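Hi there,

Here is the structure I promised to pass on to you. My notes on it follow just below.

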Amino acid sequence: MSLDQIKAYRDEAFQHLTEELLPFWESRCVDKENGGFITHFDHAGEDSGEDEKSLIAQTRSIYTFSAAHRAGYGGGRLAEMARHGVDFLIDKMWDNEYGGFYWLMDRKGNVKIDEKIVYGNSFAIYSLAEYTLATGDPRGLEYAEKVFNLIQIHGADTHYGGYFEMFHRNWELKGNGSAGGDRKTLDAHMHLMEAFTALYEASRKQVHRRKLVEIIELLVSKIMHPEFRTGIPQFWADWTVAPQIKFDIIWGWDRFSEDGFKSAAEDNTSYGHNVEFAWLLMHALDIAGISYDEYKVQLLASYNHAVDNGIDWEFGGVYVEGSHAGQVYDREKEFWQQAEVLIGMLDAYRVYGDEKYLKAYDSVHRFVFDKMIHHEVGEWLPLLSRKGDPIWTHMSHSWKINYHTVRAMVQGIIRMDKLIKEKQ
């Protein structure tokens, strides 16, 4: 792929970020009346009216505006938006009695679900650490460290390693089955890795680095498939593989069967998660000062499985998921997998130099810009058919927010700038 082609992709991403994506959020998401962010928008970008503010959407928005400001966008406006979000998060969503952030509020900031979910609190660490890195406001790091400490006290499994994930308000572990108290997930542990990365970058405390290295080792040794090095979604407490079920409070309900079990529940892996894990691992290694060579086998396996099995070379984009051995189960195109593969393929090419990664980037880039972005409004469609026909059409809700889309553009531009500089 020529230097001119990479420059063209970079220009297209920059135009989308600065003229569509960031303006979409800047113009409509700040709740001036109640604080925090409005995060539910329909196909036309209009407020769809859900009376909720979720921990996941509020923290991801704080991360988005902090990271975009840190990367040089917004002229200071995004930092103020992030500060507005942090004010609501600390004032309304923090539990002053037991510590930790509540899972769900109404728009005014009244508690609707008071449980402590590690997935959501991991994003609190991630976003608040990024906020301090971006703005210098010490409140971010202060509360990120508070959450980190609570998770170590209440969540750490000192017998089998890793973390339990589902807790009542007082940090008592929830029950078995769909309550989630007896399971551990790739998703939560991967996001704890990214959270500990940002926390260590902000604090430079050795305890944060130790826990980062510990969770990296756990992800590679326990959560990745022993043969294919692909991510396994759910486990029992002792790290034996568990059938993938939906939890009472968790993400992705729409993608499960009516009985609550995933098809091929014990043999499925997400192409998007595998690539997201790989590039987040690279970033974690950068922050921790560890060579990529120590994890080369894992990194190449993560990237290559997606390129060899997940990329749709006929219609473009990346599929949702398939078996560890390579069979594709779900050929639809979901927004967040596309976003993560855009970043990951640039990292894979930057480090390993194989043109197949740029070809994979090209496939996903064109699919996103030609099919997935709702250019008239500015955000991405959430779910398309294999050929690119819309299945879901909302612009945002608690699980489809700005974090993946904006991050893909910000981080993609950073990587393309590096590639352009190296090639000139």
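**What turned up**

Phe101 touches Leu55, Leu89, Ile90, Met93, Trp94, Glu115, Lys116, Asn121, Ala124, Leu128, Tyr143 and Val147, leaving aside residues up to four places away in sequence; contact here means heavy atoms within 4.5 Å. Before you read on, please note that this is a predicted model, where local features need pLDDT of at least 70, side-chain atom pairs count only at pLDDT 80 or more, and totals for chains, interfaces and linings use all residues. Residues are numbered from 1 along each chain as its sequence is written, and side-chain values use heavy atoms, with hydrogens and water left out.

Phe101 also belongs to the largest nonpolar core, which has 137 residues; Phe101, Met193 and Trp380 have the most contacts inside it. (Such a core is a set of buried Ala, Val, Leu, Ile, Met, Phe, Trp, Tyr and Cys residues joined through side-chain atoms within 4.5 Å; buried means under 20% relative accessible area, exposed over 50%, and partly exposed in between, with a 1.4 Å probe and protein chains only.) Helix α8 (residues 271-288) gives the most to this core, with 11 residues. Helices (H or I, at least four residues) and strands (E, at least two) are DSSP runs, numbered from the N terminus.

There is also an open sheet of 3 strands, ordered β1-β2-β3 with antiparallel pairing; two strands pair if DSSP finds at least two bridges between them. Its edge strands, β1 (53-54) and β3 (111-113), each pair on one side only. β1 is joined to β2 (residues 104-105) by 2 bridges, and Lys53 stands opposite Met105 in β2.

Now the charged pairs: the whole structure holds 29 salt bridges, each a side-chain nitrogen of Lys or Arg within 4 Å of a carboxyl oxygen of Asp or Glu.

- Glu12 and Arg366 meet at 2.9 Å, N to O. Glu12 lies in helix α1 (residues 3-26) and Arg366 in helix α11 (residues 355-372), so this pair ties together parts 354 residues apart in sequence.
- Arg70 and Glu130 meet at 3.1 Å, N to O. This pair links helix α2 (residues 55-70) with helix α4 (residues 118-135). Arg70 is partly exposed, at 36% relative accessible area, whereas Glu130 is buried, at 7%.
- Arg407 and Glu276 meet at 3.1 Å, N to O. Both are buried.

Finally, Glu80, Arg83, Asp87, Asp137 and Arg139 are linked in a network of salt bridges.

Best wishes
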